[in-house]
Structures are given as C-alpha cells and as structure tokens.
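I opened this notebook to record what I looked up in the structure. The entries go from terms to overall totals and then to surface features.

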Amino acid sequence: MKGHSTTDWASQRRIYRAEICASIVLSDLNIIRSQVLSSIDDFNKNRTAFQAFVIQHEQEKIKKEKMEKELLKEKEKRAKKLEKELVEIDGYQAEEDEELNNEADAYQAKEDEELKN
C-alpha cells in the first residue's frame, strides 16, 4: 500500500467492489442455473400455445370490429331511409295542409260573401 496515493487506492477499491459483485452474481447464477434454464424451456414450450391464443384473440377482435362497422352502416342506411320517408310524409302533409287552408279560405270567403248579401 505504500507508494499508492489515496485516489489510486479509492479507484482500486471501486474495481475490487465491481469484481466482488460480479463474482457474487455469477456464483448465484451458477447455483440457480438449472432453475433458470428450466424456466426458459417452459417459456418456450408455452410460447406456441400462448401465441395461438393471441392470434385467435386478434382474429376475434377483427371480426367484432367488422361486425360493428357493418351494423353502423346498416343503422346509417336505416336513418337515411327514415329521413327520406319523413321528408315525403312532410311533403304530403304540407300539400294536405295547403289544400285544407285553401278550402278553409274558400269557405270563409263564401261565408263572408253570404253575410254581405
């Protein structure tokens, strides 16, 4: 330790700490290596089944979205049809109202004329 400055000793201690931590991690990894490899193997085995589930779920989601779009289109068609029918009904109603108003005006005019005579 003689001949080393304090900063050299501090940086050397950091290196020692890093080496100690790395060796602890590696020794722990060696102890649980078989468990980790088993977990990875299980993950890979389950992956195909899980992947099939995910694909099926996505396909169902796409089908549902298509059905919702079709229903929305159908609702829009119905709304347009009803609106068109209402316009036609309003047109007929307006014609009937005009005819009734004309008849009422004619009747009123007739009565007024009879009263004058």
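This is a predicted model: local features need pLDDT of at least 70, side-chain atom pairs count only at pLDDT 80 or more; totals for chains, interfaces and linings use all residues.

Residues are numbered from 1 along each chain as its sequence is written, and side-chain values use heavy atoms, with hydrogens and water left out.

**Entry 1: overall**

I looked up the secondary structure and found two helices and zero strands; these are DSSP runs (helices H or I, at least four residues; strands E, at least two), numbered from the N terminus. Of the 117 residues of the chain, 0% count as buried. The chain has an accessible surface of about 11600 Å², and carbon and sulfur atoms hold 56% of that surface. Areas come from the Shrake-Rupley method with a 1.4 Å probe, and for residues only the protein chains shown count as cover.

**Entry 2: nonpolar patch**

I recorded a nonpolar surface patch of Leu26, Leu29, Ile31, Ile32, Val36, Leu37 and Ile40, with about 620 Å² of accessible area together. A patch takes residues with over 30% relative accessible area and no salt bridge, joining nonpolar side chains (Val, Leu, Ile, Met, Phe, Trp, Tyr) within 5 Å and like charges within 9 Å. Helices α1 (6-31) and α2 each supply at least two of its residues. Isoleucine 31 lies in α1 and is classed as exposed because its relative accessible area is 64%.

**Entry 3: charged patches**

For charge, I counted Lys and Arg as positive and Asp and Glu as negative, without His and the chain ends; each charge is placed at NZ of Lys, CZ of Arg, CG of Asp or CD of Glu. Lys63, Lys66, Lys69, Lys73 and Lys77 form a positive surface patch. Lysine 73 belongs to helix α2 (residues 33-116) and is exposed at 55%. Glu95, Glu96, Asp97, Glu98, Glu99 and Glu103 form a negative patch. Aspartate 97 is also in α2, and its 35% relative accessibility makes it partly exposed.

**Entry 4: salt bridge**

How many salt bridges does the structure hold? I found one, taking a side-chain nitrogen of Lys or Arg within 4 Å of a carboxyl oxygen of Asp or Glu. Arginine 78 pairs with glutamate 74, their closest N and O atoms being 3.7 Å apart. Both lie in α2, four residues apart, about one turn of the helix. Arginine 78 is exposed at 53%, whereas glutamate 74 is partly exposed at 36%.

Conventions: Buried means under 20% relative accessible area, exposed over 50%, partly exposed in between (1.4 Å probe, protein chains only).
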